[in-house]
Amino acid sequence: MTEKQTDWRGIAAELAPVEVIEEPVLIKKRSRDFFWYSPILNAQLKKCFGDLVARPATSGELAQCLAVAYAHDLPVVLRGGGTGNYGQAVPLQGGLIIETTAMNRILEIGEGFVRVEAGALMADINAALIARGWEMAMFPSTQDIATIGGFVAGGSAGIGSIANGALREKGNIISLKALSVEEAPQERVFDAEEALQLHHAWGLNGAITEVTLRTVPTRDWIGCMATFDSYRDCYAAGYALAQSEAIGRKLCSTVEARIVDYFPRLEGHLTKGRHLLVALVPREDMEAFHALITAQGGTVDLALDDTERRAKGIPHVFEFAYNHTTLQVLKADRTATYQQYGVGDPSDAEAVARLGAAVGEDVWQHHEFARVDGRIVAFDLPIIWFTDETRLRQIDDTYRAHGFSVADAHTYHVEGGGLKNADYRHLAWKKRMDPKGLLNPGKSRAWEMVRHLSADDIEAKAKD
Ligand SMILES: Cc1cc2nc3c(=O)[nH]c(=O)nc-3n(C[C@H](O)[C@H](O)[C@H](O)COP(=O)(O)OP(=O)(O)OC[C@H]3O[C@@H](n4cnc5c(N)ncnc54)[C@H](O)[C@@H]3O)c2cc1C
């Protein structure tokens, strides 16, 4: 598509009055996300750049950008904060990057819901909600720079998922609005089940303009860090906390001691050399939390509310959880990477310990607990000291042999990672919303095989 010469100056003029960014250095910056966590993706994507960035401030301006892209057959990549880990927001074929961060209004806060523009930052949404007694049901640890549109289009779960499930679970996304890429882009409303057709579709099948999400009453959360002599006991305590009906929690993570050595900002606050459990627990349940940790053989080293945390100059506890754990290590050593593994039986701490012993010195375990469809699940996001892809795939095989599943973090195809098979409902909506296939080209392998079919014929494949 980029082989034909495009007059980008002319395109920028046609986009007016939409703000555009034309400086090559800034365009390059906005062509990247956090794919560099993966040395494999880094080699594949580091030289992929867009040609022009547009920053619409309203859905009308966004529609104008899409109409111009349609008229000139321009590849288009939607971009929020650019914090995705799989190169979701990297333009593989150049073209127009549409950054949504100027579409950031919080439109409505009501009983159990919030309605926002797609480019609103999640930290801003949470701040507005907390002032009114609510909070987001879940959010990623990147909330300071990540947008709600990017989370819905590219993310899956986060802080809060241990209580409220994954993003895709019924009731978490109440509705979406999205624009098609046509001569005159149409804004469609996707309610409830239908909203899932755009969720985790990586911006392939529509430009999300507005999101309505479930919210939950806020609580007086205490950031807790407990430590243990063995990782087996630490994991078992994590599972016990995740299962507990008596203790409220919106985060429950366990991290091997070797990883904790890479957290300099916690030095002096934690007992050295011990394995770490990270949690957010409401103040009224702290006594029960202390009792649980003691019963599991650990000690609570740190328990701070937000004011106390700030006074001590310590980051949020969730900056030592989810993929922030990996980031803390990468800050010190770029030879680290990670992978995503589902734990076969999350209640089996012995199996986790056996795997830890079997997998090798280049793999350091880190688990997150969440609730999916009402069941507690655990997944391992280990630090892996990368040598080459052959060794990475050996590690994957060791995990599989121990009954764990692999959601590959080292692919930029939407079908390659957590989403194992082609999602033909996503692709049917792509045909309806983006008939020319301009949105995020190259990210779906399956699209290339069905793009010639009608939307209904693509959808029929979902039933096969
Ligand atoms: C340190 C770290 C921790 C993380 N923790 C988590 C976590 O806990 N949970 C989790 O799920 N993810 C996590 N992530 C991944 C990522 O931060 C989140 O998914 C985040 O919500 C993405 O938002 P963003 O605005 O940065 O999206 P981007 O990276 O800008 O975009 C993500 C995808 O969404 C598409 N997109 C963006 N805006 C729109 C729109 N308006 N319409 C249509 N498509 C759009 C993009 O094209 C891209 O495909 C983490 C990443 C890092 C680096």
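Colleague: By class, how many nonpolar, polar and charged residues are in the shell around the ligand?

Modeller: This is a predicted model. The ligand shell has 21 polar, 15 nonpolar and 2 charged residues.

Colleague: How many residues surround the ligand, and which are the closest?

Modeller: A residue joins the shell if its C-beta atom, placed from the backbone, lies within 6 Å. Here 38 residues surround the ligand. The closest are G80, G150, G154, G155 and G203.

Colleague: From which domains does the shell draw at least three residues?

Modeller: Domain 1 (8-99) and domain 2 (221-406) each supply at least three.

Colleague: Now the overall fold. What radius of gyration does the protein have, and what would a compact globule have?

Modeller: Compare the value with the globule rule. For 464 residues, a compact globule would have a radius of gyration near 23 Å. The protein has 22 Å, so the two agree. Along its principal axes, the C-alpha trace spans about 65 × 50 × 45 Å.

Colleague: What percentage of the residues count as buried?

Modeller: Buried means 20 or more other C-beta atoms within 10 Å of the residue's own. Of the 464 residues, 50% qualify.

Colleague: And what share of contacts join residues at least 24 apart?

Modeller: Take contacts between residues at least 6 apart in sequence. Of these, 72% join residues at least 24 apart.

Definitions and conventions: Residues numbered from 1 in each chain as written. Predicted model: local features only at pLDDT ≥ 70, side-chain atom pairs only at ≥ 80, totals over all residues. Nonpolar A, V, L, I, M, F, W, Y, C, P; charged D, E, K, R; others polar. Domains from an automatic or database assignment. Rg over C-alpha atoms; globule rule 2.2 N^0.38 Å. Buried ≥ 20, exposed ≤ 12 C-beta atoms within 10 Å, placed from the backbone. Contact = placed C-beta atoms within 7 Å.
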